[in-house]
Amino acid sequence: MVGWAIALHGGAGDIPMDLPDERRIPRETALRHCLDLGVSALKSGRHPLDVTELVVRELENHPDFNAGKGSVLTTQGTVEMEASIMDGKTKRCGAVSGLTTVVNPISVARLVMEKTPHIYLGFDGAQAFARAHGVETVESSHFITPENIARLKQAKEFNRVQLDYTAPTPNLPEVSGDSQIGTVGCVAVDSAGNLASATSTGGYVNKMVGRIGDTPVIGAGTYANHLCAVSATGKGEYIIRATVAREVAALMEYKGLSLTEAAAYAVEQSGPRGCCGLVAVSANGEVAMPYNTTGMFRACATEDGYTEVAIWPKN
Amino acid sequence: MVGWAIALHGGAGDIPIDLPDERRIPRETALRHCLDLGVSALKSGKHPLDVTELVVRELENHPDFNAGKGSVLTAQGTVEMEASIMDGKTKSCGAVSGLTTVINPVSLARLVMEKTPHIYLAFDAAEAFARAHGAETVDSSHFITPENIARLKQAKEFNRVQLDYTAPTPEIRGDSQIGTVGCVAVDSAGNLASATSTGGYVNKMVGRIGDTPVIGAGTYANHLCAVSATGKGEYIIRATVAREVAALMEYKGLSLTEAAAYAVEQSGPRGTCGVVAVSANGEVAMPFNTTGMFRACATEDGYTEIAIWPKN
């Protein structure tokens, strides 16, 4: 019998070290709050599927993270949200893409897993399914924040796809502080070794309508098996090519690496510096949160009392 | 320098051994024809991305396979096609889902890979992208065949999702031998590519996405091998089958044959899936744990094979 463990992230990217307090503190507070929620749930014996879902719901509801409310906008100024969830013991999973009115995409992903013979539903079909199951929906405008309208305008001005953490130019300090948001995710393991991973996002600022990233692609942004649970964040296209989340588990399973080694290697191999980060827990109650970006909004806790809430590398 | 190799499939599933000639022969002929096309292309020096795309286009155009024309129908009687393609050396890839009018989904997947900063486009936006890039489109009715209308009716009568090879009752067993299509190829320089295309499950929920466009599940290629999977999509996703073959080779040092066999075996219960795979060394593997898999392969040393059931 080993202890429980939980880790969560609010996105990895080019988060400037001089992030102003008014942008840093609300996010740190949110990470701490979500960590507390997750820890309470684990302590009260909730299954990691429930724990990761409730933590991700909380992150989706927080407007400062790129998921649910606060999702970045497509090139047409709309939101298209995606999410996935996976259970390590059974490898059951659920995923959704192209949601526009569902308040909590992660919960629809879980419904797909539990209420259909399928894994992945997208766009109109996913929206119809959500409605048929009485999932809470709201006018699309609910998800759109002034900060994201500004980010889209900025990205269009620079006429390129902007990873939400990338500051377009170094000469515009007034906007470099404006893009510290990203995919959210949570992984958890209980003392019985049950593992789960959940991830949710609005995607890339100024992305093409209909563009699907790594988040709903099982094995890329989310993965869990009997050894570990992983949730990735960063440049979606790199994460898909490198099957990052699956990579961590494969390295543990086939090369015998520890969670820490496997997670670090998977991040390192995913692409150039600035590519991605992930949070992972093992069946043994270990935690790893590596990233090759400037920073990653993250938090973790283990049953032996260790907790961490951080953004940049610890020195 | 090693030889080229190519393998292709027209779907794995419960293909009855007593499949009538009038259903078996056209499919075998098509497999042979597609193999010849692929081999000619490799011999004339075309890159495996081109080779796999052209072979899968041919399979999409053939109405007896579940991709492009001949795609199985959703619960609403519509088609929703998906495809993906991947280049082993660069790991560039492209994927599409929810297509309703694009004649060759695999070519659209390639366009996404080559003409956008993204990998995966779906549904209305993918259709719009197709039109913006002049991809050939046609009225949806083009893809719908009488056989698939019958299959949908049958599936609804039994009120369950039917993998297109699963026979609900013996008297209609002969009616469901179609499945995902795919092709993998390697040239003498070790360039690898994989391409897969499908209409999905008979009577699937509208909007349901399967393994075919999920990189690492239905399609995968890296510097070691190229893999295309077919079968029960949900199992293939959970088991990340295509990536599994490469991971076993890379991290456990298994050969292509061992890795492919193990990946299929571990994917789920008997009847789950099959794969075609080639390695950078010019080897081929085509394991399956279903009753049969429509398949064909050839290697530069002259070996060719066209088959449906296990060889005894």
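A: Happy to. One term to start with: buried means under 20% relative accessible area, exposed means over 50%, and partly exposed is in between. Also, keep in mind that this is a predicted model.

Q: Good to know. So is A:Lys91 buried, exposed or partly exposed?
A: A:Lys91 has 27% relative accessibility, so it counts as partly exposed.

Q: Where does A:Lys91 lie?
A: In the loop between strand 2 and strand 3 of chain A. A:Lys91 has a positive phi of about 60°, although it is not a glycine.

Q: And how many bridges join strand 2 and strand 3 of chain A?
A: Five bridges join them, and the two strands run antiparallel. Strand 2 covers residues 81-87 and strand 3 covers residues 93-99. Across from A:Ser84 you will find A:Ala95, in strand 3 of chain A.

Q: What packs on the sheet around there?
A: Helix 2 of chain A, residues 48-61, packs on the sheet. This helix touches strand 1, strand 2, strand 5 and strand 6 of chain A, and its direction makes about 160° with that of strand 5 of chain A.

Q: Zooming out, what order do the nine strands of the open sheet take?
A: The order is 13(A)-12(A)-1(A)-5(A)-6(A)-2(A)-3(A)-4(A)-7(B), with mixed pairing. The edge strands are strand 13 (307-310) of chain A and strand 7 (208-209) of chain B, each pairing on one side only.

Q: Remind me what holds paired strands together in general?
A: Strands of a sheet pair through backbone hydrogen bonds, either parallel or antiparallel.

Q: Thanks. Which strands does helix 1 of chain A lie across?
A: Helix 1, residues 21-43, lies across strand 1, strand 5, strand 12 and strand 13 of chain A. The helix runs at about 155° to strand 1 of chain A.

Q: Let's pick a residue. Where is the place of A:Ser197, and is A:Ser197 buried or exposed?
A: A:Ser197 sits in strand 6 of chain A. With a relative accessible area of 0%, A:Ser197 is buried.

Q: What does the side chain of A:Ser197 reach?
A: The side chain reaches the backbone oxygen of A:Val230, at 2.7 Å. A:Ser197 also touches a number of other residues, including A:Thr52, A:Ser84, A:Cys186 and A:Ala229.

Q: Is strand 10 of chain A buried or exposed?
A: Seven of its seven residues are buried, so strand 10 of chain A is largely enclosed by the rest of the structure. Both faces are covered: A:Cys276, A:Leu278, A:Ala280 and A:Ser282 are buried on one side, and A:Gly277, A:Val279 and A:Val281 are buried on the other.

Q: What does strand 10 of chain A form with strand 11 of chain A?
A: A hairpin, with four residues between the strands. In the turn, A:Gly285 has a positive phi of about 85°. Two bridges join the strands, which run antiparallel, and A:Ala280 has A:Ala288 as its bridge partner.

Q: Changing topic: how much area do chain B and chain A bury between them?
A: About 3200 Å², with 68% of it on carbon and sulfur atoms. In chain B, B:His118, B:Arg238 and B:Tyr251 lose the most area to chain A, together 22% of what that side buries. The contact takes 39 residues from chain B and 40 residues from chain A.

Q: How many salt bridges are there between chain B and chain A?
A: Two salt bridges. The side chains of A:Arg246 and B:Glu244 meet in a salt bridge, at 2.5 Å from N to O. There are also 15 residue pairs in polar contact across the interface.

Q: Which part of chain B supplies the largest share of the side that touches chain A?
A: Helix 7 of chain B, with six residues.

Notes
Residues numbered from 1 in each chain as written. Chains lettered and ligands numbered in written order. Predicted model: local features only at pLDDT ≥ 70, side-chain atom pairs only at ≥ 80, totals over all residues. Heavy atoms only, no water. Pairing = 2+ DSSP bridges. Contact = heavy atoms within 4.5 Å. Axes fitted to C-alpha atoms, helices over the stretch in contact; angles between N-to-C directions. Buried < 20%, exposed > 50% of the residue type's maximum accessible area, 1.4 Å probe, protein only. Polar contact = N/O pair within 3.5 Å; in protein donor to acceptor, adjacent residues only side chain to side chain. Buried area = accessible area lost by both parts, 1.4 Å probe. Salt bridge = Lys/Arg side-chain N within 4 Å of Asp/Glu carboxyl O. Lists of a residue's contacts leave out its neighbours within four places in sequence.
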